[in-house]
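Here's a quick tour of a protein model for someone new to reading structures. Have a look at the picture first, then work through the points below.

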Amino acid sequence: MGNAIISMKNVVKKFGKETVLNHIDFDIPQGKIIGLIGPSGAGKSTIIKIILGMEKTQQGTATVFGKIMPNRQLLNRIGYMAQTDALYESLTAKENLQFYADMKGVSGQKANRQILHVAEVVELTNDLNKRVSGYSGGMKRRLSLAIAMLGDSEIFILDEPTVGIDPALRRQIWSELHKMRDEGKTLLVTTHVMDEAELVDDVALILGGKLIAYDTPANLKAEYNEDTVENVFLKVEDENEKNVVYR
Ligand SMILES: Nc1ncnc2c1ncn2[C@@H]1O[C@H](COP(=O)(O)OP(=O)(O)OP(=O)(O)O)[C@@H](O)[C@H]1O
């Protein structure tokens with residue numbers, strides 16, 4: 001794909017003798033939300049870490065903006081939310097946001113504006129002055145997501161951003177992700193929540209370290225003759241258990 005903003009070419013990743021990613025190839029165009037879905041241990045976080053240059057491959061390459069990763073200079077163009085929260089517990093949420101805004105090179109009035117906006121998106125406005133040590137798990141996830149949204153990133157890589165977040169707020173967060181997409185941002189999001197897979201532009205289905213399907217939710221449903229992405233996923237998983245021995 002000519003206009004790919006993120007690309008993986010023939011990526012093989014092993015941990016010891018275990019092959020975790022088995023010849024993964026895919027291109028993500030700008031201005032799309034891609035949902036990375038697959039069962040626990042399928043290799044989703046490993047894909048993300050390779051794209052960010054945090055893990056090395058045994059074969060193949062990941063490129064972002066046409067440059068082979070790892071590339072430190074590109075990192076401030078990517079908003080990343082990891083699966084584990086990296087927060088300063090003894091600081092307040094606002095202080096955490098100020099710290100990360102500063103790290104991303106945003107300061108002054110612009111930082112204040114962004115902090116208020118991202119806090120509102122994740123409904124933490126009234127808890128900004130509380131210490132993070134007193135936050136619940138879900139509040140910490142929300143704060144991590146708010147931090148990932150700070151700055152002027154063009155790409156957002158979000159590993160399970162809505163875990164522990166209730167359905168109403170999840171909807172609000174997805175509406176913000178769509179808004180970001182409509183402004184030309186590119187988002188790669190992993191999720192276990194299958195109804196969220198209906199909200200992305202393209203679904204990349206990972207099973208046993210392989211990219212099994214990569215298409216729009218509508219095309220996948222038509223191809224597999226199912227009415228939900230969840231049913232497509234179950235069908236594909238079932239077919240693969242019968243036919244393929246992977247690893
Ligand atoms: N640092 C590591 N050392 C050894 N094995 C690892 C390491 N990181 C991941 N793995 C293994 O690689 C496989 C894929 O892990 P990964 O975290 O990418 O899966 P995932 O699809 O993100 O799972 P989940 O949905 O549970 O987060 C798993 O079998 C895991 O045990």
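Two strands count as paired if DSSP finds at least two bridges between them. The strands themselves (E, at least two residues) and the helices (H or I, at least four residues) are DSSP runs, numbered from the N terminus. Keep in mind that this is a predicted model, where local features need pLDDT of at least 70, side-chain atom pairs count only at pLDDT 80 or more, and totals for chains, interfaces and linings use all residues. Residues are numbered from 1 along each chain as its sequence is written.

**The six-stranded sheet**
- With that in hand, you can trace an open sheet of 6 strands in the order β6-β7-β8-β3-β9-β10, and its pairing is mixed.
- At its edges sit β6 (78–81) and β10 (210–215), each pairing on one side only.
- On average, neighbouring strands here are turned by 15° against each other, direction ignored.
- β6 runs parallel to strand β7 (residues 155–159), with 4 bridges between them.

**The four-stranded sheet**
- Another open sheet has 4 strands in the order β2-β1-β4-β5, and this one is antiparallel.
- β2 (18–29) and β5 (67–68) each have a single partner strand, so one side of each is left without a neighbour in the sheet.
- Strand β1 (residues 4–15) and strand β4 (residues 59–64) run antiparallel and are joined by 5 bridges.
- Ser7 has Thr63 in β4 as its bridge partner.
- As background, strands of a sheet pair through backbone hydrogen bonds, either parallel or antiparallel.

**How the helices pack**
- Helix α2 (residues 93–103) packs against helix α4 (residues 137–149) at about 25°, with the axes 9 Å apart.
- That makes α2 roughly parallel to α4. (Angles under 35 degrees count as roughly parallel, over 145 as roughly antiparallel, 65 to 115 as roughly perpendicular and the rest as oblique.)
- Axes are lines fitted to C-alpha atoms, for helices over the stretch in contact, and angles run from 0 to 180 degrees between N-to-C directions.
- On the α2 side, Ala93, Asn96, Leu97 and Tyr100 meet Leu143, Ala146 and Ile147 of α4. (Contact means that the C-beta atoms, placed from the backbone, lie within 7 Å.)
- Those contact residues split into 6 nonpolar, 1 polar and no charged. (Ala, Val, Leu, Ile, Met, Phe, Trp, Tyr, Cys and Pro count as nonpolar, Asp, Glu, Lys and Arg as charged, and the others, Gly among them, as polar.)
- α2 also packs against helix α3 (residues 108–121), at about 130° and with the axes 10 Å apart.
- α2 and α3 are therefore oblique to each other.
- α4 also lies across β6 and β7, running at about 170° to β6.

**Around the ligand**
- Which residues are around the ligand? They are Phe15, Val20, Gly38, Ser40, Gly41, Ala42, Gly43, Lys44, Ser45, Thr46 and Gln83. (A residue is near a molecule if its C-beta atom, placed from the backbone, lies within 6 Å of it.)
- Helix α1 (residues 44–51) gives the largest share of this shell, 3 residues.
- By class, the shell has 3 nonpolar, 7 polar and 1 charged residues.

- Most residues other than glycine have a negative phi, and most peptide bonds are trans.
- Met69 and Pro70 are joined by a cis peptide bond, with omega about 5°, and Pro70 is in the loop between β5 and β6.
- His23, in strand β2, has a positive phi of about 55° although it is not a glycine.

Note on methods:
Two residues are in contact if their C-beta atoms, placed from the backbone, lie within 7 Å.
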